[in-house]
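Please look at the chain shown below and follow its helices from one end to the other. The report after it takes up how they are arranged and how some of them pack.

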Amino acid sequence: MKLRNFLILGLMFFCVGTSFCNDNDDDKQGFGIELPEAKPKPAAASLESFENNKRYAKLFELRAEVIELFKEREALNDLADPREVKRAKRKLEQVEQKLYRAKQKFYREAQRIRDPWTKDFEKVDKIYQDLMDKSAKAAEQGNDARSTKFAQEADKHTGKRESLQRNIDLINYFLFFDEYEKTEIKEVGKKPEEGKVVEMKKDKIEDKDGEKQQEKKARRQKTKKSKKADQD
């Protein structure tokens, strides 16, 4: 009984641990880094400038590695010959493992860069929002001078607030791999176009049966004509 209880308890801990690890899908959650609901759309010039900035060279080296592995996975996934697909199965598994690790490194570096901007933005944004709320409240009370004063104070934080938001949007843009993650892994060992091959064979058999029926009909008609000619 004690052994049975011990095994059940162990299984419970395993299930809890597994659910904890799989609670957030790695691809969707960015391996711990929070992703925005939608991909930002910064200006093309800003994106190019950000990508060419030497301070972020490591980030884009890691991103290039992720993209190369996505392309390698896609090439293996596009193999048409069943024999090639079967031989590539092990290679595909290795590429998946490398891709997982490469994405971990990339998102870790992205988080290292983005976190300070996020913290600064939250501080500045709180000050800005508080001042704007005070300005709105003063306006409701009919104190236009006080409302204007708070609005002007809030305006002093606008530049820094917008600058930090632009930086956050720029790095968030490069956290998405939509064009590469659409690739689906095909079932290994499945013969391509198998259904069509069977269908083609069936069509050929039906065509041959039809030809035989037509030949028999033609012979019967010919025989009938010959008999009629003999009677005449």
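This is a predicted model: local features need pLDDT of at least 70, side-chain atom pairs count only at pLDDT 80 or more; totals for chains, interfaces and linings use all residues.

How are α4 and α6 oriented to each other, roughly parallel or roughly antiparallel? Helix α4, which covers residues 57-77, packs against α6 at an angle of about 155°, and the axes of the two are 9 Å apart. Since angles over 145 degrees count as roughly antiparallel, α4 and α6 are therefore roughly antiparallel to each other. Their crossing is left-handed, and the residues of this contact divide into 13 nonpolar and 11 charged, with no polar residue in the count.

**The overall picture**

The secondary structure of the protein consists of 10 helices and zero strands, so that reading along the sequence gives the pattern α-α-α-α-α-α-α-α-α-α. Of the 232 residues in the protein, 24% are buried. Among the contacts between residues at least 6 apart in sequence, 81% join residues that are at least 24 apart.

**Helix α6 and what follows it**

Helix α6 runs over residues 89-140 and has a kink of about 35° at R114, which lies shortly before the proline P116. Just after α6 comes G142, a residue that takes a positive phi of about 85°. Helix α7 covers residues 144-155, and its axis comes within 8 Å of the axis of α6, with a crossing at roughly 165°. That angle makes α6 roughly antiparallel to α7, and the crossing of these two helices is left-handed.

Which residues meet where α6 and α7 are in contact? From α6 they are Y128, L131, M132, K134, S135, A138 and A139, while α7 brings R146, S147, F150, A151, E153 and A154. Sorted by class, the contact of α6 with α7 has eight nonpolar, two polar and three charged residues.

**Helices α3 and α8**

Two packed helices are described by the angle between their axes and by the distance between the axes. For helix α3 (residues 44-51) and α8, the axes come within 10 Å and cross at roughly 75°. Angles of 65 to 115 degrees count as roughly perpendicular, and α3 and α8 are therefore roughly perpendicular to each other. The contact is made by S46, L47 and F50 on the side of α3, together with L170, I171 and Y173 on the side of α8. By class, this contact has five nonpolar residues, one polar residue and no charged residues.

| Helix pair | Angle | Axis distance |
|---|---|---|
| α4 and α6 | about 155° | 9 Å |
| α3 and α8 | roughly 75° | within 10 Å |

S163 is found in helix α8, which covers residues 158-173, and S163 is partly exposed, with a relative accessible area of 30%. Although S163 and F121 are 42 residues apart in sequence, their C-alpha atoms are 9.0 Å apart in space.

E181 has its place in helix α9, which covers residues 178-181. How far apart are the C-alpha atoms of E181 and E74? They are separated by 9.6 Å, while the two residues are 107 residues apart along the chain. E181 is partly exposed, with a relative accessible area of 30%.

Conventions:
Residues are numbered from 1 along each chain as its sequence is written. Side-chain values use heavy atoms; hydrogens and water are left out. The bend at a residue is the angle between axes fitted to the seven residues ending there and the seven starting there. Helices (H or I, at least four residues) and strands (E, at least two) are DSSP runs, numbered from the N terminus. Axes are lines fitted to C-alpha atoms, for helices over the stretch in contact, and angles run from 0 to 180 degrees between N-to-C directions. Angles under 35 degrees count as roughly parallel, over 145 as roughly antiparallel, 65 to 115 as roughly perpendicular and the rest as oblique. A crossing is left-handed if the near helix is turned anticlockwise from the far one by less than a right angle, and right-handed if clockwise. Ala, Val, Leu, Ile, Met, Phe, Trp, Tyr, Cys and Pro count as nonpolar, Asp, Glu, Lys and Arg as charged, and the others, Gly among them, as polar. Contact means heavy atoms within 4.5 Å. Buried means under 20% relative accessible area, exposed over 50%, partly exposed in between (1.4 Å probe, protein chains only).
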